[in-house]
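Here are a few notes to read alongside the model you asked about. Have a look at it first, then work through the points below.

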Amino acid sequence: MNIIGPDALVFGVDDVAACAQYLTDYGLDPVGVTATGGRFEAIDGTAVIITQKDDAGLPPSLGTATMLRKTVYGVADLPALEAIASELGKDREVRRLPDGSIEAVDDMGFVLGFQLTVRKPIAVPAETVNAPGPSAQRPLNAVAVDENAMVKPLSLSHVVYFVPDTAKAEAFYARLGFVCTDRFTGVGPFLRPAGTVDHHTLFMIQTPPFMKGCEHFTFHMAGPSAVMQAGTRFVNKGYQSFWGPGRHKFGSNWFWYFNSPLGCHVEYDADMDLHDDSWVAREVPMSADASQLFLFQRQEKWAPGGPPGPAGA
């Protein structure tokens with residue numbers, strides 16, 4: 001089934017104004033936003049949608065503290081959409097919505113939507129690297145650093161769920177063509193749908209039932225410098241860094257996570273591994289060493305001749 005990845009995440013929030021400001025400062029573009037909510041888009045049209053938590057048009061809550069109400073997946077074409085409807089219709093209700101999308105509930109209670117993808121081509125160039133030996137990626141006299149550069153989220157990358165039964169949840173997504181690319185033993189799988197070669201668009205973490213919900217979501221950036229620059233600007237606007245910056249092992253993506261008023265963490269990521277069906281999934285026990293190759297500690301700018309830096313600087 002040609003599922004490309006998440007097109008949108010829908011949240012019912014406590015404070016629309018705070019969430020709207022947060023998502024705008026994160027770098028998403030407000031589209032049709034009012035005092036009651038609206039859409040916040042990346043460059044390719046993927047988005048986060050927020051509305052008041054008591055909005056009658058929202059899917060029901062999971063019954064936990066999570067504010068996520070729906071994950072909307074983009075699919076390549078109508079045959080893919082009909083294949084999903086046929087598969088899910090074998091054992092659950094599939095609703096057909098006026099916009100042509102379909103809606104169902106997975107085995108953990110998460111509401112899912114499926115629609116013809118809204119993703120548009122991305123014209124933003126990837127970051128380039130010059131290294132001794134290979135031909136230069138940047139031409140002579142072209143500088144890499146621009147402190148005034150526009151760094152924007154390019155595309156909704158992945159979402160992470162807390163679930164009480166990762167085995168049952170994984171079996172559900174396998175019905176839709178998701179495959180495991182890597183796994184933390186006793187924690188959960190990284191899953192890739194058939195319509196993308198990204199290492200994962202969904203990761204699930206085993207937790208008690210009362211924690212069920214969204215742990216974090218992230219958008220792809222143009223490269224590690226964009227992650228660092230966007231994250232630094234975010235910190236300077238007063239938002240609290242949660243984890244990072246650093247680089248993961250599984251997926252190899254650069255990361256920087258932040259606390260948010262959406263009831264979950266929000267990440268910037270870049271440079272994720274790409275895999276096809278010949279890839280053999282790895283499995284390791286969960287640990288800090290397994291999760292990250294390295295982790296930086298952010299501090300205010302420092303230069304030689306200025307105030308003392310950290311030990312060893």
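1. Start with the second largest pocket: strands β1 (3–13) and β9 (155–163) each give at least two residues to its lining. Keep in mind that this is a predicted model.

2. How big is that second largest pocket? Its volume comes out at about 420 Å³. There are 26 residues lining the second largest pocket, and H220, M221, A270, D271 and M272 sit closest to its centre. Sorted by class, the lining of the second largest pocket has 14 nonpolar, 8 polar and 4 charged residues.

3. Now for the largest pocket, which holds about 750 Å³ of space. Its lining is made of 25 residues, and the ones closest to the centre are E127, A144, A149, S225 and Q229. By class, the largest pocket is lined by 14 nonpolar, 4 polar and 7 charged residues.

4. Next, helix α3, which spans residues 166–175. Which of its residues are buried? They are T166, A169, E170, F172 and Y173. Looking down the axis of α3, you'll find these buried residues within an arc of 155°, so they line one face of the helix.

5. Check both ends of α3 while you're there. At its start, D165 has a side-chain oxygen within 3.3 Å of the backbone nitrogen of A167. Just after the helix comes G177, with a positive phi of about 95°.

How values were computed
Residues are numbered from 1 along each chain as its sequence is written. This is a predicted model: local features need pLDDT of at least 70, side-chain atom pairs count only at pLDDT 80 or more; totals for chains, interfaces and linings use all residues. Side-chain values use heavy atoms; hydrogens and water are left out. Buried means under 20% relative accessible area, exposed over 50%, partly exposed in between (1.4 Å probe, protein chains only). Helices (H or I, at least four residues) and strands (E, at least two) are DSSP runs, numbered from the N terminus. The arc is that of the directions from the helix axis to the C-beta atoms. A polar contact is a pair of N or O atoms within 3.5 Å; within protein, one must be able to donate a hydrogen and the other to accept it, and residues adjacent in sequence count only if both atoms are side-chain atoms. On a 1 Å grid over the protein atoms alone, a cavity is a set of points where a 1.4 Å probe fits but cannot get out, and a pocket is an open set with protein on both sides within 12 Å along at least five of seven lines; lining residues have an atom within 4 Å of a point. Grid points are joined across faces, edges and corners, and a volume is the space filled by probe spheres set on the points. Ala, Val, Leu, Ile, Met, Phe, Trp, Tyr, Cys and Pro count as nonpolar, Asp, Glu, Lys and Arg as charged, and the others, Gly among them, as polar.
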